[in-house]
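This briefing sets out the features of one protein chain for a reader who has the sequence and the coordinates at hand. It is arranged by topic.

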Amino acid sequence: MTTLAPSRTSNTKSARTSKGAVSAHDKPSYLSTGILILGALYCLFPAIWVVAAASKDGNELFSTFTLAPSTHLWDNIVALTEYRDGLFWRWMANTALYAGVGAIVSTWVSALSGYVLAKFDFPGKSGIFKVLLMGVLVPGVILAIPQYLMLAQAGLTNTYWSVLLPQIISPYGIYLARIYAAASVPGDVIEAARTEGAKEMYIFNRIAAPMMLPGLVTIFLFQFVAIWNNFMLPYIMLGDDHLFPITVGLNGLLNQGASAPALYTLVLAGALLSIIPLVIMFLLLQRYWRVDLAAGAVKA
């Protein structure tokens, strides 16, 4: 009996000590929280400024406090809609086409390429992956002129294809898909499906792709946002303003604002409207992100 009491006492003390250590570890860091808040405000400030500026008319835009809102937002949207018989909404539709179709096709190509690099062994695999990594480091602006020259030879410039085709291949998307496929698709599952006689494309589309779904959503969002915000490629490829995406179209309006300041309010209203689809896309797809790597397969 006398030998058990000290043991219980020491256990109680150690439990209290560990409990105190955990509580001290869980104590919030005000410095870290403050830094995160400052970072969030820094990122949100341009969006807040656009919301405030888009609500002003031409006179208020340059004469009132920067972040002070006004009551002319709807008037600016109506004026933007009436500009050249609704050309702005044609730009929005073009951007949705470029970003939507381009992101879907690019995500599928990235998923298939990453899956092959992760689960198949073939000559030159290491070299291909190294070239892929180098492609991630090359800015897309550098490739715009060579792509223009190649598409010009094929007679595809100033068409929808000239913007869609160069954006189907995403080295960064393939790299992410390769990493995610290696982590989330078990080799035993693939071998079991092959044993049952399943074809390789069936295994990819019906088994591997659902397991990779959370990663594919991330790739889709990255590519969708990148194409939606892309300026240089369509600026070089397109000459007809009826084919312009929103970035190139608003840039043209902004340049005209030097001689017609009233167009500045249209540019700001258009910039505000162009943000809304990105916010909606993020809110709709964020539920697919899961910590569990197999969550995509479970949901499917």
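Leu97 is partly exposed, with a relative accessible area of 33%. This residue belongs to a predicted model, and Leu97 lies in helix 5. The protein chain as a whole contains 16 helices and 0 strands.

- Leu97 touches Gly102, Tyr160 and Leu164, when residues up to four places away in sequence are not counted.
- Leu97 and Pro245 stand 148 residues apart in sequence, and their C-alpha atoms are 9.1 Å apart in space.
- Leu112 is also placed in helix 5.
- Beyond residues up to four places away in sequence, Leu112 touches Met201 and Phe204.
- For Leu112 and Phe204, the C-alpha to C-alpha separation is 7.5 Å, while the two residues are 92 residues apart in sequence.

**The chain as a whole**

- Of the 300 residues in the protein chain, 33% are buried.
- The protein chain exposes about 17700 Å², and carbon and sulfur atoms supply 69% of that area.
- Among contacts in the protein chain with a separation of 6 or more, 73% are accounted for by residues 24 or more positions apart.

**Nonpolar cores**

- The largest nonpolar core has 36 residues, of which Phe88, Trp91, Phe224 and Leu253 touch the most other members.
- At least two residues of this core are supplied by each of helix 4 (73–82), helix 5 (87–119), helix 8 (160–164), helix 12 (213–228), helix 13 (232–237), helix 14 (246–256) and helix 15 (263–285).
- Helix 15 gives the most to this core, namely 8 residues.
- Apart from this core lies another core, of 16 residues, and among them are Ala118, Ile203, Ala208 and Ile219.
- Leu253 touches Leu80, Tyr83, Trp91, Leu263 and Val267, leaving aside residues up to four places away in sequence.

**Packing of helix 10 and helix 11**

- Two packed helices are described by the angle between their axes and by the distance between the axes.
- Helix 10 (residues 187–195) packs with helix 11 (residues 200–211) at an angle of about 145°, and their axes are 11 Å apart.
- The crossing of helix 10 and helix 11 is right-handed.
- On the side of helix 10 the contact is made by Val189, Ile190, Ala193 and Arg194, and on the side of helix 11 by Glu200, Ile203, Ile207 and Met211.
- By class, this contact of helix 10 with helix 11 has 6 nonpolar residues, no polar residues and 2 charged residues.

**The loop between helix 4 and helix 5**

- Arg84 lies in the loop between helix 4 and helix 5, and Asp85 is found in the loop between helix 4 and helix 5 as well.
- Phi of Arg84 is near 50°, a positive value in a residue other than glycine.
- Phi of Asp85 is near 60°, again a positive value in a residue other than glycine.
- Arg84 has a relative accessible area of 44% and is therefore classed as partly exposed.
- Asp85 has a relative accessible area of 80% and so is classed as exposed.

**Ser55, a buried loop residue**

- Ser55 is located in the loop between helix 2 (30–54) and helix 3 (58–61).
- Ser55 counts as buried because its relative accessibility is 5%, and buried means under 20% relative accessible area.
- With residues up to four places away in sequence left out, Ser55 touches Pro69, Ser70, Thr71, His72, Leu73 and Asn76.

**Val131, an exposed helix residue**

- Val131 lies in helix 6, which covers residues 125–137.
- The relative accessible area of Val131 is 51%, so Val131 is exposed, and exposed means over 50% relative accessible area.
- Val131 and Pro171 are 40 residues apart along the chain, and their C-alpha atoms are separated by 9.3 Å.

Notes. Residues numbered from 1 in each chain as written. Predicted model: local features only at pLDDT ≥ 70, side-chain atom pairs only at ≥ 80, totals over all residues. Heavy atoms only, no water. Helix = DSSP H or I, 4+ residues; strand = E, 2+ residues; numbered from the N terminus. Buried < 20%, exposed > 50% of the residue type's maximum accessible area, 1.4 Å probe, protein only. Contact = heavy atoms within 4.5 Å. Areas by Shrake-Rupley, 256 points an atom, 1.4 Å probe, with all protein chains shown as cover. Axes fitted to C-alpha atoms, helices over the stretch in contact; angles between N-to-C directions. Left-handed = near helix turned anticlockwise from the far one by under 90°. Nonpolar A, V, L, I, M, F, W, Y, C, P; charged D, E, K, R; others polar. Core = buried A, V, L, I, M, F, W, Y, C linked by side-chain atoms within 4.5 Å.
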